[in-house]
Amino acid sequence: MKRSTGSKAPLGQATTGANRSRGTEVPEPDRPVQHKFFGDSLARVSVRLVLVAAVAAFGILFMWTLIANGRYPLAVLVFLVTAGVCVSFTVERLYPFRWFSPGLALMAIMLLYPTAYTMYVAFTNYGDGHLLTRVQVIDQLERQTYRPEDGRQFTWTAFRSERGEFVLWLQSDAGSFLAEPGEPFIPADRLPNWVGPLDTDGIPTEIRGYTRLNRTEVLRFLTQISALEFGELPETVRVQSLDLVEERRQRFVFDPANDTMTDQRDGTVYRPVTGTFTAEDGTTLRPGFWVTIGPRNFQRLFTSPALSGPFIRVFVWTFVFAFFSVLLTFTVGLFFALVFDHPKLPAKRLIRSLLLVPYALPAFISVNIWRGMFSRHFGLISTTLEAIFGWSPLWLANPVWARVGILITQTWLGFPYMMLICTGALQSLPNDIFEAATIDGAGALRKFWNLTLPLLMVAVGPLLIASFAFNFNNFTVIDIYAEGGPPMAGTTTPAGHTDILITYIFRLAFAGGRGADFGYASAITMVIFLILAIITALQFRYTRVWEEISENV
Amino acid sequence: MAASTVFNRHRQTFDIAGRLLIAAVALVFALTPVLLIVSASLDPRNNIVTQSIIPPGASLKNYQALFASNIHPYGIWFWNTLKISVISSVLTVLICSISAYAFSRFRFKGRRGLLLSVFLIQVFPNSLTMVATFLLIQAIGLFLPSFGLNSHGGLILIYLGGAMGINTWLMKGYFDSVPRSLDESARIDGASNWQIYWRVILPVVRPILTVVALISFIAAYSDFLIPQIVLQDTRQFTIAVGLTLFVRAGEYSRNWGIFAAGALIGAVPVVTLYLFLQKFLVRGLTSGAVKG
């Protein structure tokens, strides 16, 4: 801001003031009062209302799709979130929530919902064989047809459209019909205007949009045509031979009043038993649907020997892994921090920077490298040990050595972080206490145990807890190192000796090769929830999040 | 007296020598895997046991092979990963800073409860609720296929949801340290809340924005679990998932050199960010986020 020479001070100040207010670009600096509406201009309010309407429309469409697909809980949440956003943007009193709405909407749908839904799925048998909802299963079963003994038969002529759709012209003594998949039969005397008049054989001369297939073309499309069912239940037909189509009847009829499914062919009655329609003699109908099964998944965790065996072992190893990860990385990190915390050490910065490299490298890369180094026939570590001692452990295939290998890898990954925070914490320790201790004649070791370590723990304690929680769920390291392997023998679920809970869940739900078991996987997730809740409570005490919230009102 | 000084001087020399020795051991431990991978990437023999840092006949053959493969489209993975990480990072910073500004500057009923909920909801991350997250993304895909299974949009949504809690919290703490007099003077000049947020606060809080952007970028870049759940098609993969394909069971000996080349290129963005922005990160790390 230039001031012309010779101008008086007050004038200069005035210029400054004017420039400043112009600089902030206030829109509509003098809005006419009569245009104000809810404390805002009419134009801005209308724009806002249009946006709110758009959000509402989007939410309703989304909700509609979800309801149509039987995803009721999510539909309810989408409704609540949409309503929340719309209300906060229309009610002036809720002004602050406009600012939170994007973040809160994301959190509610992407984070809160999965948490709540996990708790629900844990009490269901959701998984392979039970992947559909009840409504979907009933619908699917009711679509199945069978060929009755006394079914009607027709001769047929096929017509095909450009898009590959087929219609059949059916003829029998009882009359002629036009049959389309999923539509009721149309009798010959009520044909719509897009079907031309009948020729001498009683077949339409033309059907608009379709061409009549000759014998060769019929042969070409026979597989496609035979897979289709023409007509709409209860009246459908399916192609049986080049000459004949035969009537099909609905095989299963659901009786909502008695909650039973009846096989029309032989009259067998099926009743739903934990998500599967089951007959008296034990025959079941596939597919099953998922239902709540009470605490059975949790009982399986602890009672069923085939399942609880791997679970308990995985559970214990998860704690061992997380604990030793923290202990080893912290010990090594603190040791290096102490060693390099010397005023006259040359190249201190360079050393520290180079030691941070393992931390900077993404874990998915470095664990793969370590896995390569541990590999039996050509890995650097195995071959070196082989060359020196004539023996090397099976770092990937032996249950104990695989765990040792993981902890070595983990130490390499994590020590720089610990070194970093310990270096920081050491530098902030008060010097006078140490001087006093020296004067009192305390040795270096004693000073470390009685002063440095306790003071350090105050600063890094919460970070150690956080590190424990992180490693408790350290999927990347475990899964890349040996995919949880070596596999445990004789288990009914896919578990390995190095699996921790989170990788075990992953294998149960997605990568088992023995089918997905969402319900059981979610029950294990609940176990982790419980442990994480305890850890978080501990952190709360340490980090005083509570007080921060309370003071800062 | 003199003897003692000499003794002390010697002692100090020994002391420093000892420390340097430990430093040497530490550096060997820390850097061997890195040197190994550099050497393997240059070794056309595709051999994991290379004894010298620059292998005989060093060439860029592995790098060429890396980008030539159709089964493992590394170039596409790299682009996918950058796209997903950058978008997640930018949106996280934007949305979290809006919430953080409101938490820091507005006083309203229910603020304390909301603040606490934001902290508590993020205790259970998506990696943990992977089953429910998978089912959620499947359901979203019914309505918006570009945010459903096998889409990058779905992946980004998950990262955004997961990043809200801790980052809003981190930013709010930093925003609180910006003196209110700054807002007040802008307000007197007629600035609206949005203008104060965008023009006054954001430029001042750039350090925390950088930290959050970096943490979000690196978290998305290095994630190994969620992409495996959401993405199905190899061409949609991120580097983390794709790179591991090279060396999954039994393929080590065959693809080691190519993997090494891919690992080095994949490490470049993250390592560069770490090195350039170390000082920011140290501050950010010690205030909450962890790795390792």
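The second largest cavity has a volume of about 50 Å³, in a predicted model where local features need pLDDT of at least 70, side-chain atom pairs count only at pLDDT 80 or more, and totals for chains, interfaces and linings use all residues. A cavity here is a set of points, on a 1 Å grid over the protein atoms alone, where a 1.4 Å probe fits but cannot get out, and its volume is the space filled by probe spheres set on the points, which are joined across faces, edges and corners. The structure holds four cavities of 30 Å³ or more.

Which residues line the second largest cavity? The lining residues, which have an atom within 4 Å of a point, are F100(A), G103(A), L104(A) and M107(A), together with S99(B), F103(B), V118(B), M164(B) and T168(B). Helix α4(A) gives the most to this lining, with four residues, while α3 (74–105) and α6 (152–176) of chain B each supply at least two; helices are DSSP runs of H or I with at least four residues, numbered from the N terminus. By class, the lining divides into six nonpolar, three polar and no charged residues, where Ala, Val, Leu, Ile, Met, Phe, Trp, Tyr, Cys and Pro count as nonpolar, Asp, Glu, Lys and Arg as charged, and the others, Gly among them, as polar.

Chain B has 13 helices and zero strands, strands being DSSP runs of E with at least two residues. Of the 292 residues of chain B, 55% count as buried, that is, under 20% relative accessible area with a 1.4 Å probe and protein chains only.

The two chains also meet through a pair of helices, α17 (residues 501–511) of chain A and α5 (residues 130–143) of chain B, whose axes come within 10 Å and cross at roughly 40°. Axes are lines fitted to C-alpha atoms over the stretch in contact, and angles run from 0 to 180 degrees between N-to-C directions. Contact, meaning heavy atoms within 4.5 Å, is made by I502(A), I505(A), F506(A), A509(A) and F510(A) of α17(A) and by M130(B), V131(B) and F134(B) of α5(B). This contact has eight nonpolar, no polar and no charged residues. Helix α17(A) is mostly covered, with nine of its 11 residues buried, including I502(A), I505(A), F506(A) and A509(A).

Residues are numbered from 1 along each chain as its sequence is written, chains are lettered from A and ligands numbered from 1 in the order in which they are written, and side-chain values use heavy atoms, with hydrogens and water left out.

Conventions. 1 Å grid on protein atoms, 1.4 Å probe; cavity = no way out; pocket = protein on both sides within 12 Å on 5 of 7 lines; lining within 4 Å. Buried < 20%, exposed > 50% of the residue type's maximum accessible area, 1.4 Å probe, protein only.
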